[in-house]
Amino acid sequence: MSEAEHTSEGRKIWNSLVAICIKEFLHIRRDPMALRIALAIPILQLLLLGFIDQTVRHLPTVVVDQDHSRLSRKFMDELRATNTFEITSVTTNPNEARNQIVSGRAKVGVVIPPDFQDKRLQGKQAKILVLIDGSDSSVSAQALASVNGLAASVTLEETKRAAPWAQLGFGVSVQPIILFNPDGRTANYIIPGLIAFVIQTIGMVMTAIAIVRERERGTLEQLLVTPVHPLGLMLGKLAPYLIVGLIENAVLLAIMQFGFGVPIRGNLIFLFAVSTIFLFACLSIGLFISTRAQTQPEALQMSQLFMLPSFFLTGYLFPVAGLPLVLYALGRILPATHMIEVMRGVVLRDAGPLELLPHILALLAMCVGLVWGSVRRFRRSIL
(Lines give C-alpha, C1' and ligand atoms only; values in the text may rest on other atoms or scores of the structure.)
Protein backbone atom coordinates (compact mmCIF):
# COMPACT_ATOMS: atom_id res chain seq x y z
CA MET A 1 0.00 0.00 0.00
CA SER A 2 1.41 3.37 -1.05
CA GLU A 3 1.95 6.34 1.27
CA ALA A 4 -0.99 8.17 -0.34
CA GLU A 5 -3.29 5.20 0.33
CA HIS A 6 -2.09 5.05 3.95
CA THR A 7 -2.87 8.74 4.36
CA SER A 8 -6.31 8.31 2.78
CA GLU A 9 -7.11 5.37 5.04
CA GLY A 10 -5.99 7.33 8.12
CA ARG A 11 -8.20 10.27 7.16
CA LYS A 12 -11.19 7.94 6.76
CA ILE A 13 -10.61 6.49 10.23
CA TRP A 14 -10.21 9.94 11.73
CA ASN A 15 -13.30 11.33 9.98
CA SER A 16 -15.34 8.32 11.09
CA LEU A 17 -14.15 8.71 14.69
CA VAL A 18 -15.02 12.42 14.76
CA ALA A 19 -18.43 11.87 13.15
CA ILE A 20 -19.40 9.10 15.58
CA CYS A 21 -18.15 11.15 18.56
CA ILE A 22 -20.25 14.13 17.47
CA LYS A 23 -23.26 11.85 17.00
CA GLU A 24 -22.86 10.37 20.51
CA PHE A 25 -22.44 13.80 22.11
CA LEU A 26 -25.66 14.89 20.37
CA HIS A 27 -27.42 11.83 21.89
CA ILE A 28 -26.10 12.75 25.31
CA ARG A 29 -27.29 16.35 24.87
CA ARG A 30 -30.73 15.13 23.87
CA ASP A 31 -30.93 12.95 27.00
CA PRO A 32 -29.56 15.17 29.82
CA MET A 33 -31.40 13.21 32.52
CA ALA A 34 -29.35 10.06 31.86
CA LEU A 35 -26.12 12.10 31.97
CA ARG A 36 -27.08 13.77 35.26
CA ILE A 37 -27.95 10.43 36.84
CA ALA A 38 -24.73 8.81 35.59
CA LEU A 39 -22.70 11.62 37.17
CA ALA A 40 -24.78 11.83 40.34
CA ILE A 41 -24.59 8.15 41.35
CA PRO A 42 -20.80 7.91 41.91
CA ILE A 43 -20.78 11.31 43.65
CA LEU A 44 -23.60 10.18 45.92
CA GLN A 45 -21.78 6.92 46.68
CA LEU A 46 -18.59 8.77 47.59
CA LEU A 47 -20.39 11.26 49.83
CA LEU A 48 -22.38 8.61 51.66
CA LEU A 49 -19.42 6.32 52.26
CA GLY A 50 -17.19 9.24 53.17
CA PHE A 51 -19.49 10.67 55.81
CA ILE A 52 -20.56 7.40 57.40
CA ASP A 53 -18.63 6.75 60.61
CA GLN A 54 -18.81 3.13 61.73
CA THR A 55 -17.71 4.10 65.23
CA VAL A 56 -20.87 3.83 67.30
CA ARG A 57 -21.70 6.92 69.35
CA HIS A 58 -24.63 8.15 71.42
CA LEU A 59 -26.40 4.82 71.79
CA PRO A 60 -29.82 5.28 73.43
CA THR A 61 -29.30 3.93 76.96
CA VAL A 62 -31.69 3.38 79.85
CA VAL A 63 -30.18 3.29 83.34
CA VAL A 64 -31.86 1.42 86.20
CA ASP A 65 -30.47 3.25 89.24
CA GLN A 66 -31.44 1.26 92.32
CA ASP A 67 -28.78 2.89 94.50
CA HIS A 68 -29.48 6.65 94.11
CA SER A 69 -26.08 7.46 95.55
CA ARG A 70 -23.27 9.85 94.77
CA LEU A 71 -21.19 7.09 93.18
CA SER A 72 -24.08 5.84 91.03
CA ARG A 73 -24.62 9.37 89.69
CA LYS A 74 -20.89 9.69 89.08
CA PHE A 75 -20.92 6.39 87.17
CA MET A 76 -23.74 7.70 84.97
CA ASP A 77 -21.67 10.81 84.24
CA GLU A 78 -18.76 8.54 83.29
CA LEU A 79 -21.07 6.63 80.94
CA ARG A 80 -22.02 9.88 79.22
CA ALA A 81 -18.39 10.94 79.00
CA THR A 82 -17.53 7.92 76.83
CA ASN A 83 -19.72 9.39 74.03
CA THR A 84 -20.78 5.81 73.30
CA PHE A 85 -23.86 6.00 75.50
CA GLU A 86 -26.58 8.62 75.59
CA ILE A 87 -28.76 8.16 78.67
CA THR A 88 -32.33 8.73 77.51
CA SER A 89 -34.10 7.70 80.71
CA VAL A 90 -33.39 6.75 84.32
CA THR A 91 -35.69 4.36 86.16
CA THR A 92 -35.77 2.00 89.11
CA ASN A 93 -37.62 -0.84 87.34
CA PRO A 94 -35.42 -3.43 85.56
CA ASN A 95 -38.40 -4.54 83.44
CA GLU A 96 -38.60 -1.03 82.00
CA ALA A 97 -35.08 -1.40 80.63
CA ARG A 98 -35.94 -4.61 78.81
CA ASN A 99 -39.21 -3.15 77.48
CA GLN A 100 -37.39 -0.16 76.02
CA ILE A 101 -34.85 -2.43 74.33
CA VAL A 102 -37.62 -4.63 72.88
CA SER A 103 -39.38 -1.55 71.46
CA GLY A 104 -36.13 -0.24 69.98
CA ARG A 105 -36.17 2.96 72.05
CA ALA A 106 -32.95 1.87 73.77
CA LYS A 107 -30.01 -0.24 72.66
CA VAL A 108 -28.40 -0.66 76.09
CA GLY A 109 -29.72 -1.04 79.61
CA VAL A 110 -27.43 -0.52 82.63
CA VAL A 111 -28.66 -1.83 86.00
CA ILE A 112 -26.91 -0.31 89.02
CA PRO A 113 -27.63 -2.47 92.13
CA PRO A 114 -28.77 -0.97 95.48
CA ASP A 115 -25.45 -1.78 97.19
CA PHE A 116 -23.30 -0.18 94.48
CA GLN A 117 -21.84 2.60 96.67
CA ASP A 118 -21.64 0.56 99.87
CA LYS A 119 -19.51 -2.16 98.28
CA ARG A 120 -17.15 0.31 96.67
CA LEU A 121 -16.66 2.21 99.92
CA GLN A 122 -15.99 -1.07 101.72
CA GLY A 123 -13.32 -2.00 99.18
CA LYS A 124 -15.42 -4.75 97.66
CA GLN A 125 -16.28 -5.39 94.04
CA ALA A 126 -19.51 -3.79 92.80
CA LYS A 127 -21.23 -5.59 89.93
CA ILE A 128 -23.41 -3.89 87.35
CA LEU A 129 -25.75 -5.69 84.95
CA VAL A 130 -25.62 -4.53 81.32
CA LEU A 131 -28.40 -5.53 78.89
CA ILE A 132 -27.38 -5.11 75.25
CA ASP A 133 -29.57 -5.39 72.15
CA GLY A 134 -27.94 -8.22 70.21
CA SER A 135 -30.12 -7.75 67.11
CA ASP A 136 -27.43 -5.35 65.87
CA SER A 137 -24.12 -7.19 66.11
CA SER A 138 -21.86 -4.21 65.40
CA VAL A 139 -23.61 -2.07 68.00
CA SER A 140 -23.57 -4.80 70.65
CA ALA A 141 -19.85 -5.48 70.18
CA GLN A 142 -18.86 -1.82 70.52
CA ALA A 143 -21.22 -1.21 73.43
CA LEU A 144 -19.81 -4.20 75.31
CA ALA A 145 -16.22 -3.11 74.65
CA SER A 146 -16.97 0.44 75.80
CA VAL A 147 -18.67 -0.51 79.07
CA ASN A 148 -15.94 -3.04 79.86
CA GLY A 149 -13.34 -0.38 79.18
CA LEU A 150 -15.11 2.05 81.50
CA ALA A 151 -15.32 -0.54 84.29
CA ALA A 152 -11.62 -1.34 83.88
CA SER A 153 -10.76 2.36 84.00
CA VAL A 154 -12.76 2.89 87.22
CA THR A 155 -11.17 -0.17 88.80
CA LEU A 156 -7.68 1.03 87.83
CA GLU A 157 -8.28 4.44 89.41
CA GLU A 158 -9.45 2.82 92.63
CA THR A 159 -6.42 0.52 92.58
CA LYS A 160 -4.10 3.52 92.45
CA ARG A 161 -5.84 5.11 95.43
CA ALA A 162 -5.96 1.92 97.50
CA ALA A 163 -3.52 1.28 100.33
CA PRO A 164 -0.72 -1.19 99.51
CA TRP A 165 -2.04 -3.69 102.04
CA ALA A 166 -5.64 -3.59 100.76
CA GLN A 167 -6.93 -6.90 99.43
CA LEU A 168 -7.59 -7.35 95.73
CA GLY A 169 -11.06 -7.77 94.23
CA PHE A 170 -12.53 -4.29 94.47
CA GLY A 171 -13.70 -1.84 91.81
CA VAL A 172 -16.47 -2.33 89.27
CA SER A 173 -17.18 -5.47 87.23
CA VAL A 174 -19.61 -5.89 84.36
CA GLN A 175 -22.06 -8.74 83.94
CA PRO A 176 -23.23 -8.45 80.31
CA ILE A 177 -26.34 -10.09 78.89
CA ILE A 178 -26.70 -10.05 75.09
CA LEU A 179 -30.42 -10.12 74.34
CA PHE A 180 -32.11 -11.68 71.27
CA ASN A 181 -28.89 -12.78 69.51
CA PRO A 182 -26.53 -14.08 72.21
CA ASP A 183 -24.38 -16.01 69.71
CA GLY A 184 -23.79 -12.88 67.65
CA ARG A 185 -24.86 -14.59 64.40
CA THR A 186 -24.48 -12.22 61.47
CA ALA A 187 -27.40 -13.88 59.65
CA ASN A 188 -29.79 -12.92 62.45
CA TYR A 189 -28.84 -9.29 61.97
CA ILE A 190 -28.37 -9.05 58.19
CA ILE A 191 -31.17 -11.18 56.73
CA PRO A 192 -34.27 -9.46 58.24
CA GLY A 193 -32.96 -6.11 57.01
CA LEU A 194 -32.02 -7.63 53.66
CA ILE A 195 -35.60 -8.85 53.14
CA ALA A 196 -36.94 -5.31 53.66
CA PHE A 197 -34.37 -3.96 51.22
CA VAL A 198 -35.16 -6.63 48.59
CA ILE A 199 -38.92 -6.07 48.90
CA GLN A 200 -38.41 -2.34 48.38
CA THR A 201 -36.31 -2.97 45.27
CA ILE A 202 -38.84 -5.38 43.80
CA GLY A 203 -41.81 -3.09 44.35
CA MET A 204 -40.11 0.09 43.22
CA VAL A 205 -38.32 -1.20 40.11
CA MET A 206 -41.13 -3.44 38.87
CA THR A 207 -43.68 -0.62 39.04
CA ALA A 208 -41.43 1.99 37.43
CA ILE A 209 -40.41 -0.29 34.56
CA ALA A 210 -43.94 -1.60 33.95
CA ILE A 211 -45.47 1.87 33.60
CA VAL A 212 -42.59 3.23 31.52
CA ARG A 213 -42.90 0.18 29.25
CA GLU A 214 -46.61 0.97 28.78
CA ARG A 215 -45.68 4.54 27.87
CA GLU A 216 -43.05 3.36 25.37
CA ARG A 217 -45.58 1.10 23.67
CA GLY A 218 -48.28 3.77 23.63
CA THR A 219 -50.78 1.56 25.46
CA LEU A 220 -50.89 3.78 28.56
CA GLU A 221 -52.40 6.67 26.63
CA GLN A 222 -55.03 4.29 25.23
CA LEU A 223 -56.03 3.33 28.76
CA LEU A 224 -56.23 6.95 29.84
CA VAL A 225 -58.80 7.84 27.17
CA THR A 226 -61.15 5.11 28.41
CA PRO A 227 -63.88 6.01 30.96
CA VAL A 228 -61.82 4.48 33.78
CA HIS A 229 -61.21 6.78 36.78
CA PRO A 230 -57.52 7.83 36.85
CA LEU A 231 -57.07 6.96 40.53
CA GLY A 232 -58.72 3.57 40.02
CA LEU A 233 -56.50 3.02 36.99
CA MET A 234 -53.33 3.71 38.97
CA LEU A 235 -54.36 1.62 41.97
CA GLY A 236 -55.31 -1.18 39.58
CA LYS A 237 -51.83 -0.97 38.06
CA LEU A 238 -50.25 -1.15 41.51
CA ALA A 239 -52.40 -3.98 42.97
CA PRO A 240 -50.83 -6.90 41.03
CA TYR A 241 -47.34 -5.84 42.06
CA LEU A 242 -48.52 -5.57 45.66
CA ILE A 243 -49.66 -9.20 45.51
CA VAL A 244 -46.39 -10.26 43.86
CA GLY A 245 -44.45 -8.43 46.56
CA LEU A 246 -46.36 -10.11 49.38
CA ILE A 247 -45.80 -13.54 47.82
CA GLU A 248 -42.10 -12.74 47.48
CA ASN A 249 -42.07 -11.62 51.11
CA ALA A 250 -43.56 -14.95 52.24
CA VAL A 251 -40.99 -16.90 50.20
CA LEU A 252 -38.08 -14.89 51.59
CA LEU A 253 -39.30 -15.30 55.18
CA ALA A 254 -39.56 -19.07 54.67
CA ILE A 255 -36.02 -19.19 53.27
CA MET A 256 -34.79 -17.08 56.17
CA GLN A 257 -36.33 -19.37 58.80
CA PHE A 258 -35.78 -22.80 57.28
CA GLY A 259 -32.75 -22.12 55.10
CA PHE A 260 -30.69 -19.86 57.36
CA GLY A 261 -32.11 -20.85 60.73
CA VAL A 262 -33.22 -17.35 61.75
CA PRO A 263 -36.22 -17.81 64.08
CA ILE A 264 -39.30 -15.63 63.74
CA ARG A 265 -40.27 -14.80 67.32
CA GLY A 266 -43.06 -12.32 66.59
CA ASN A 267 -46.53 -12.37 65.03
CA LEU A 268 -46.54 -13.17 61.31
CA ILE A 269 -49.96 -11.61 60.67
CA PHE A 270 -48.76 -8.32 62.15
CA LEU A 271 -45.58 -8.51 60.07
CA PHE A 272 -47.53 -9.05 56.84
CA ALA A 273 -49.87 -6.16 57.67
CA VAL A 274 -46.93 -3.79 58.06
CA SER A 275 -45.32 -5.26 54.93
CA THR A 276 -48.45 -4.35 52.95
CA ILE A 277 -48.17 -0.71 54.06
CA PHE A 278 -44.47 -0.68 53.24
CA LEU A 279 -45.03 -2.19 49.81
CA PHE A 280 -47.63 0.44 48.95
CA ALA A 281 -45.08 3.12 49.80
CA CYS A 282 -42.44 1.44 47.61
CA LEU A 283 -44.88 1.03 44.72
CA SER A 284 -45.76 4.71 44.90
CA ILE A 285 -42.04 5.57 44.70
CA GLY A 286 -41.92 3.46 41.53
CA LEU A 287 -44.91 5.41 40.23
CA PHE A 288 -43.07 8.66 41.00
CA ILE A 289 -40.01 7.43 39.08
CA SER A 290 -42.22 6.59 36.10
CA THR A 291 -43.39 10.23 35.93
CA ARG A 292 -39.78 11.34 35.31
CA ALA A 293 -38.29 8.47 33.29
CA GLN A 294 -38.95 8.13 29.59
CA THR A 295 -37.18 4.82 28.99
CA GLN A 296 -36.68 1.63 30.98
CA PRO A 297 -32.87 2.09 31.40
CA GLU A 298 -33.53 5.58 32.71
CA ALA A 299 -36.05 4.20 35.18
CA LEU A 300 -33.45 1.70 36.43
CA GLN A 301 -30.89 4.48 36.88
CA MET A 302 -33.33 6.65 38.81
CA SER A 303 -34.21 3.69 41.01
CA GLN A 304 -30.58 3.51 42.08
CA LEU A 305 -30.82 7.08 43.39
CA PHE A 306 -33.46 5.83 45.84
CA MET A 307 -31.73 2.54 46.59
CA LEU A 308 -28.34 4.00 47.50
CA PRO A 309 -29.60 6.05 50.48
CA SER A 310 -31.74 3.08 51.53
CA PHE A 311 -28.64 0.89 51.48
CA PHE A 312 -26.42 3.20 53.51
CA LEU A 313 -28.70 5.33 55.74
CA THR A 314 -31.35 2.94 57.03
CA GLY A 315 -29.27 0.89 59.46
CA TYR A 316 -29.22 -2.09 57.12
CA LEU A 317 -25.42 -2.34 57.06
CA PHE A 318 -24.11 0.62 59.04
CA PRO A 319 -25.39 1.56 62.52
CA VAL A 320 -27.43 4.76 62.39
CA ALA A 321 -25.73 5.85 65.62
CA GLY A 322 -22.62 6.60 63.53
CA LEU A 323 -24.40 8.86 61.02
CA PRO A 324 -24.02 12.65 60.98
CA LEU A 325 -27.18 14.49 61.99
CA VAL A 326 -28.12 15.49 58.43
CA LEU A 327 -27.76 11.94 57.09
CA TYR A 328 -29.58 10.55 60.13
CA ALA A 329 -32.52 12.89 59.45
CA LEU A 330 -32.50 11.90 55.77
CA GLY A 331 -32.61 8.24 56.75
CA ARG A 332 -35.68 8.85 58.93
CA ILE A 333 -37.76 9.87 55.90
CA LEU A 334 -36.96 6.67 53.98
CA PRO A 335 -39.59 3.91 54.27
CA ALA A 336 -36.91 1.20 54.40
CA THR A 337 -35.54 2.64 57.66
CA HIS A 338 -38.76 1.94 59.50
CA MET A 339 -39.42 -1.39 57.80
CA ILE A 340 -35.98 -2.67 58.76
CA GLU A 341 -36.71 -1.72 62.38
CA VAL A 342 -40.05 -3.52 62.18
CA MET A 343 -38.49 -6.62 60.62
CA ARG A 344 -35.78 -6.88 63.25
CA GLY A 345 -38.20 -6.03 66.02
CA VAL A 346 -40.75 -8.69 65.07
CA VAL A 347 -38.31 -11.39 63.93
CA LEU A 348 -35.68 -11.08 66.66
CA ARG A 349 -37.20 -9.22 69.63
CA ASP A 350 -40.83 -10.43 69.49
CA ALA A 351 -41.94 -6.80 69.44
CA GLY A 352 -45.63 -6.07 68.91
CA PRO A 353 -47.70 -3.16 67.57
CA LEU A 354 -47.40 -1.09 70.74
CA GLU A 355 -43.61 -1.35 70.87
CA LEU A 356 -43.25 -0.53 67.16
CA LEU A 357 -46.06 2.04 66.97
CA PRO A 358 -43.81 5.02 66.00
CA HIS A 359 -42.44 3.09 63.01
CA ILE A 360 -45.93 1.93 61.97
CA LEU A 361 -47.31 5.47 62.12
CA ALA A 362 -44.32 6.74 60.12
CA LEU A 363 -44.91 4.09 57.43
CA LEU A 364 -48.63 4.91 57.30
CA ALA A 365 -47.92 8.62 56.89
CA MET A 366 -45.33 7.93 54.18
CA CYS A 367 -47.66 5.52 52.40
CA VAL A 368 -50.55 7.99 52.26
CA GLY A 369 -48.32 10.89 51.30
CA LEU A 370 -46.35 8.99 48.66
CA VAL A 371 -49.40 7.38 47.05
CA TRP A 372 -51.26 10.70 46.91
CA GLY A 373 -48.26 12.68 45.68
CA SER A 374 -47.15 10.09 43.12
CA VAL A 375 -50.65 9.62 41.64
CA ARG A 376 -51.09 13.39 41.45
CA ARG A 377 -47.73 13.87 39.74
CA PHE A 378 -48.44 11.00 37.37
CA ARG A 379 -51.73 12.57 36.32
CA ARG A 380 -49.94 15.86 35.65
CA SER A 381 -47.22 14.18 33.61
CA ILE A 382 -49.69 12.61 31.21
CA LEU A 383 -51.90 15.62 30.70
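A pocket here is an open set of grid points, taken over the protein atoms alone, that has protein on both sides within 12 Å along at least five of seven lines, and its lining residues are those with an atom within 4 Å of a point. In this predicted model, the largest pocket is lined by 28 residues and has a volume of about 600 Å³.

**The largest pocket**

- Among the 28 residues of the lining, those that lie nearest the centre of the largest pocket are Pro60, Lys107, Val320, Tyr328 and Arg332.
- Four elements each supply at least two residues of this lining, namely strand E1 (59–65), helix H12 (325–332), helix H13 (335–349) and helix H14 (357–382).
- By residue class, the lining of the largest pocket divides into twelve nonpolar, nine charged and seven polar residues.

**Glu341 in helix H13**

- Glu341 is found in helix H13, and this residue counts as buried because its relative accessible area is 14%, where the cut-off for buried is under 20%.
- When residues up to four places away in sequence are left out, Glu341 touches Arg349, Leu356 and His359.
- Although Glu341 and Gly193 are 148 residues apart along the chain, their C-alpha atoms are separated by 7.9 Å.

**Pairing of strands E3, E4 and E5**

- Strand E3 (residues 108–112) and strand E4 (residues 125–133) run antiparallel and are joined by four bridges, with Val108 standing opposite Ile132 in E4.
- Strand E4 is also joined to strand E5 (residues 171–179), here by nine bridges and in a parallel arrangement, and the bridge partner of Ile128 in E5 is Val174.
- In a regular strand the side chains alternate between the two faces of the sheet.

- Asn83, which lies in the loop between helix H3 (70–81) and strand E2 (85–91), has a phi near 65°, a positive value in a residue other than glycine.
- Asn83 is classed as partly exposed because its relative accessible area is 41%, a value that falls between the 20% and 50% cut-offs.
- Phe180 likewise is not a glycine and has a positive phi, of about 75°, and its place is in the loop between E5 and helix H7 (186–217).
- Phe180 has a relative accessible area of 10% and is therefore buried, whereas Asn83 is partly exposed.

Key:
Residues are numbered from 1 along each chain as its sequence is written. This is a predicted model: local features need pLDDT of at least 70, side-chain atom pairs count only at pLDDT 80 or more; totals for chains, interfaces and linings use all residues. Side-chain values use heavy atoms; hydrogens and water are left out. On a 1 Å grid over the protein atoms alone, a cavity is a set of points where a 1.4 Å probe fits but cannot get out, and a pocket is an open set with protein on both sides within 12 Å along at least five of seven lines; lining residues have an atom within 4 Å of a point. Grid points are joined across faces, edges and corners, and a volume is the space filled by probe spheres set on the points. Ala, Val, Leu, Ile, Met, Phe, Trp, Tyr, Cys and Pro count as nonpolar, Asp, Glu, Lys and Arg as charged, and the others, Gly among them, as polar. Buried means under 20% relative accessible area, exposed over 50%, partly exposed in between (1.4 Å probe, protein chains only). Contact means heavy atoms within 4.5 Å. Two strands pair if DSSP finds at least two bridges between them.
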